[in-house]
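Please walk through this model with the coordinates open. Start with the fold, then turn to single side chains.

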Amino acid sequence: AGAAVVFLDSKILCNCDIVDLPGFGTETQSDDDITFRTAQKADVIIYLSQANGFMRIEDINYLKGNIFSLPIFESNGENSLKPLSNLFVVASQANTVSGGNRDQIKSILDTGCKNLIKTLPPNCWANRIKKSGYDYPDNGLSILRSRFFAYTTDIPDICVQFNNALKEILEALPLIVNERAKKFVR
C-alpha cells in the first residue's frame, strides 16, 4: 500500500488533513522521493528529528529543499501570522536528552538552526521578503530559530510552545486561505 486513510474524531482535523510521511534519509530512495514530493505541496510542514541526533545532514538537506517551497501565508499588515508560521522543526523525544534537560535541549535547537543557516545561500529570503513584507535580519537566524521546537509526550510542559504555535496556524490558516480564494475569484 502506498497510503492509508484513517478517520478520527478530532477537533484539529476539522481544519486540516495530517499526512504522516515515511521520513527522509531512511536509506529507502522511494521513501525519500515520496516525502520530498508531498512536502512540496504542503501548506504546513512539521519536520521531526530525534533530539539525540538532531539535524543530521539528511535533515538539513531535506529542509533546505522544502523551506522555500512553503506557501507564504504571512503578510505584514494583512494578517497576524509571523514569518514562517507554517514551518515546524521539532526535536522529538526530547526526554532522551539528559531526561529533558531544558538547557541542553535549547543548545541542541540553537546548534541545529545555526547549522541549517550556514548552508543557505545569501539571498535565499528575497522571495519571502517581497511577498510577505517581513525582513529576515541575520540571514533569517532569529526567525528560523523561532520555528524550532522540542517535543516529548513524557514531559508535557516541553510541548507547550509547539502546541500553541500549531494551534495558532491551524486556526488562522483556513481563514486566510478562504479570504485569498475569495479575493482571487473577485
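This is a predicted model: local features need pLDDT of at least 70, side-chain atom pairs count only at pLDDT 80 or more; totals for chains, interfaces and linings use all residues.

Three strands form it, in the order β1-β2-β3. The sheet is open, and the pairing is parallel. β1 (45–50) and β3 (148–150) stand at the edges. Each has a single partner strand, so one side of each lacks a neighbour in the sheet. On average, neighbouring strands are turned by 25° against each other, direction ignored.

Now look at the β1 and β2 pair. Six bridges join these two parallel strands.

Next come the helices. α2 lies across β1 and β2. Its direction makes an angle of about 170° with β1. Helix α6, residues 160–185, lies across β1, β2 and β3. α6 runs at about 155° to β2.

Between α2 (57–67) and β2 (87–92) there is a loop, and S85 lies in it. Is S85 buried or exposed? S85 has a relative accessible area of 6%. The cut-off for buried is under 20%, so S85 counts as buried. A polar atom of the S85 side chain lies 2.5 Å from the backbone oxygen of K82. Leaving out residues up to four places away in sequence, S85 touches E74, R147 and I169.

A search of the whole structure finds nine of them. In one, the side chains of E168 and K82 meet at 3.9 Å, N to O. This pair links distant parts of the chain: E168 sits in helix α6, K82 in the loop between α2 and β2, and 86 residues separate them. E168 is partly exposed, at 34% relative accessibility.

D110 takes part in two further pairings. With K106 it forms a salt bridge whose closest N and O atoms are 2.8 Å apart. Both residues belong to helix α3 (residues 102–118). They are four residues apart, so about one helical turn separates them. K106 is partly exposed, with a relative accessible area of 46%.

R145 also forms a salt bridge with D110, and here the closest N and O atoms are 2.5 Å apart. R145 lies in helix α5 (residues 141–145) and D110 in helix α3, so the pair ties together parts 35 residues apart in sequence. At 21% relative accessibility, R145 counts as partly exposed. Elsewhere, salt bridges with shared partners join R56, E58 and D59 into one network.

Conventions
Residues are numbered from 1 along each chain as its sequence is written. Side-chain values use heavy atoms; hydrogens and water are left out. Buried means under 20% relative accessible area, exposed over 50%, partly exposed in between (1.4 Å probe, protein chains only). A polar contact is a pair of N or O atoms within 3.5 Å; within protein, one must be able to donate a hydrogen and the other to accept it, and residues adjacent in sequence count only if both atoms are side-chain atoms. Contact means heavy atoms within 4.5 Å. Two strands pair if DSSP finds at least two bridges between them. Axes are lines fitted to C-alpha atoms, for helices over the stretch in contact, and angles run from 0 to 180 degrees between N-to-C directions. A salt bridge is a side-chain nitrogen of Lys or Arg within 4 Å of a carboxyl oxygen of Asp or Glu.
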